[in-house]
Amino acid sequence: MADKLIIFDTTLRDGEQSPGASMTKDEKLRIARQLERLKVDVIEAGFAASSNGDFEAVQNIANAIKDSTVCSLSRANDRDIARAAEALKGANSARIHTFIATSPLHMEKKLRMTPEQVLEQAKLAVRFARNQVADIEFSAEDGYRSEMDFLCRVVEAVIKEGATTINIPDTVGYAIPELYGNFIKTLRERVPNSDKAIWSVHCHNDLGMAVANSLAGVKIGGARQVECTINGLGERAGNCSLEEVVMAVKTRRDYFNLDVAIDTKHIVAASRMVSQTTGFVVQPNKAVVGANAFAHASGIHQDGVLKARDTYEIMRAEDVGWSANKIVLGKLSGRNAFKQRLQELGVSLDSETEINTAFAKFKELADRKSEIFDEDILALVSDESVTSEKERYGFVSLSQHSETGERPQAAIVFTVEGKEVKGVSDGNGPVDASLKAIESHVKSGAEMVLYSVNAISGSTESQGEVTVRLQNSGRVVNGVGADPDIVVASAKAYLSALNKLSSKADRVAAQG
Ligand code: KIV
Ligand code: ZN
């Protein structure tokens, strides 16, 4: 019988640590629901002690998610662990994930602790956590650069204290597949009680080998949990990508002989949701979820695929959710058809009011655009005004004028806490003029660190989806807006980013 490979998703914790990828509580909850639909085994919902916002996000997710285990990260101290336990109280199945660095470099330079002190703190942390919940994961941060003898002592001790999962991160992405696989194997052979815990891998992608290293940890090392993120989101070059690792194990079951619970047909929707929310665009040639992943441009390939699909395809596009790009609804479609399509797309809106708002927006769009694709619907429901309760700023209308040889002008009407205001400005182009028109009133002083436009369904008739990333007083937020008019989409994205900047946030970093 095949073993099960546990999929631990950390998009909402390690993924979110990527500069610019921070998400609101509502966004995190929406992504957590999509992860549950994907049948992810463990969702790392955040780092509860890092901020009040993260505490609430973990708490909301713990209360809402029924099928996946919900986990919170915590440093190896009682305060962090108690906070994690508190946030996880409502979960059907809760896990505390506590960590401390074990490499000589991290212990000496970062923690300024001796190895004996680290060992003692790790034991105390796991003992304390074990009194809160039964499911405890221990991570040896920078584990791959740790000394084998010391790491064996730490792992043996924390398993004795009750750790049920042992995670050995390659925190800085330094590993090579064969070496990392053998490192996990040696650990498992040398730790006397290693069979009392599940072994886990957590690889960063600095040398582009996070997926390969994770798979080697599984195949050579015998790990039975992989930590990963949607689209490989994460600090620096990112984490191991969920979609790649899952499809590798499924497609090459002959080699891995492992079962994964993931319902792969929700992968593309999850990828789009994470990309839209964070503004981290998926490269077209990205495995599994890139726009070209299943496109055959060469005549020889097309001919082969038409004659027998498996000549050039090792996976089926529809198995990972690529059936989406088709005309689904039009101006005559009713509320029920719309609601049903939302369900088929795996989107669950919380209330009838949200469905009504989304349907009104759909009708508005259908009046302007004859063909509505699944991507349009997904963009529409990810619009803040559908799901957020109260926004400080809201878009009302925009007019702009641009003509060759003349400086563009824009006038925008938007609401500030429900009250309409008007801003006017000129600018280098119509987008610049429109955003300056907003700033002429708001005066946020924020710096724009990213502006990107993407045609949602790939033609000039499609909606433009704009991401704006703003930075102010050390905070970085993303705003996303969609509209067939990209200047309007830009204004919506800008207002959405300002809404996020106007909400309070404070947090401490997970590593440091
Ligand atoms: O990369 C890492 O070491 C981590 C730990 C906190 C698990 O993310
Ligand atoms: Zn990490």
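Me: Are H6 and H7 roughly parallel or roughly antiparallel to each other?
Reply: Roughly parallel. This is a predicted model, and in it helix H6 (residues 115–130) and helix H7 (residues 148–161) pack at an angle of about 20°. Angles under 35 degrees count as roughly parallel, so the pair falls in that class.

Me: How far apart are the axes of H6 and H7, and what is the hand of the crossing?
Reply: The axes are 9 Å apart. H6 passes H7 in a right-handed crossing.

Me: Which residues of H6 and H7 meet?
Reply: From H6 there are Pro115, Glu116, Val118, Leu119, Ala122, Lys123, Val126, Arg127 and Arg130. On the H7 side they meet Phe150, Arg153, Val154, Ala157, Val158 and Glu161.

Me: What about Asp142, where is that found?
Reply: Asp142 sits in the loop between strand E6 (135–141) and H7.

Me: Buried or exposed, that Asp142?
Reply: Buried, with a relative accessible area of 1%. Leaving aside neighbours within four places in sequence, Asp142 is in contact with Ser103, His106, Pro169, Thr171 and Val172.

Me: Switching to the metal. Which residues are the protein donors of the zinc ion (ligand 2)?
Reply: Asp14 through OD, and His202 and His204 through NE2. These donors lie 2.0 to 2.1 Å from the zinc ion.

Me: How are the donor residues spaced in sequence?
Reply: The pattern is D-x187-H-x1-H. As for accessibility, both His202 and His204 are buried.

Me: Now the sheet with E13, E14 and E15. What is the strand order?
Reply: The order is E13-E14-E15, in an open sheet of three strands with antiparallel pairing. Strand E13 (393–401) and E15 are the edge strands, each pairing on one side only. From one strand to the next, the twist averages 15°.

Me: What packs on that sheet?
Reply: Helix H19 (residues 486–501), which touches E13 and E14. The direction of H19 makes about 150° with that of E13.

Me: How many bridges between E13 and E14?
Reply: Eight, in the antiparallel sense. Within the sheet, Ser397 stands opposite Val413 in E14.

Me: And how many between E14 and E15?
Reply: Strand E14 (residues 409–416) and strand E15 (residues 419–426) also pair in the antiparallel sense, over eight bridges. Ile412 has Gly423 in E15 as its bridge partner.

Me: Last one, Thr467. Which strand is Thr467 in, and is Thr467 buried or exposed?
Reply: Thr467 is in strand E17 (residues 464–472). At 6% relative accessibility, Thr467 counts as buried, because the cut-off for buried is under 20%.

Me: What is Thr467 in contact with, leaving aside neighbours within four places in sequence?
Reply: Gly279, Leu450, Tyr451, Ser452, Asn478, Gly479 and Val480.

Conventions
Residues are numbered from 1 along each chain as its sequence is written. Chains are lettered from A and ligands numbered from 1 in the order in which they are written. This is a predicted model: local features need pLDDT of at least 70, side-chain atom pairs count only at pLDDT 80 or more; totals for chains, interfaces and linings use all residues. Side-chain values use heavy atoms; hydrogens and water are left out. Two strands pair if DSSP finds at least two bridges between them. Helices (H or I, at least four residues) and strands (E, at least two) are DSSP runs, numbered from the N terminus. Donors are N, O and S atoms within 2.8 Å of the metal (3.2 Å for Na, K and Ca); water is not among the atoms, so sites may look incomplete. Buried means under 20% relative accessible area, exposed over 50%, partly exposed in between (1.4 Å probe, protein chains only). Axes are lines fitted to C-alpha atoms, for helices over the stretch in contact, and angles run from 0 to 180 degrees between N-to-C directions. Angles under 35 degrees count as roughly parallel, over 145 as roughly antiparallel, 65 to 115 as roughly perpendicular and the rest as oblique. A crossing is left-handed if the near helix is turned anticlockwise from the far one by less than a right angle, and right-handed if clockwise. Contact means heavy atoms within 4.5 Å.
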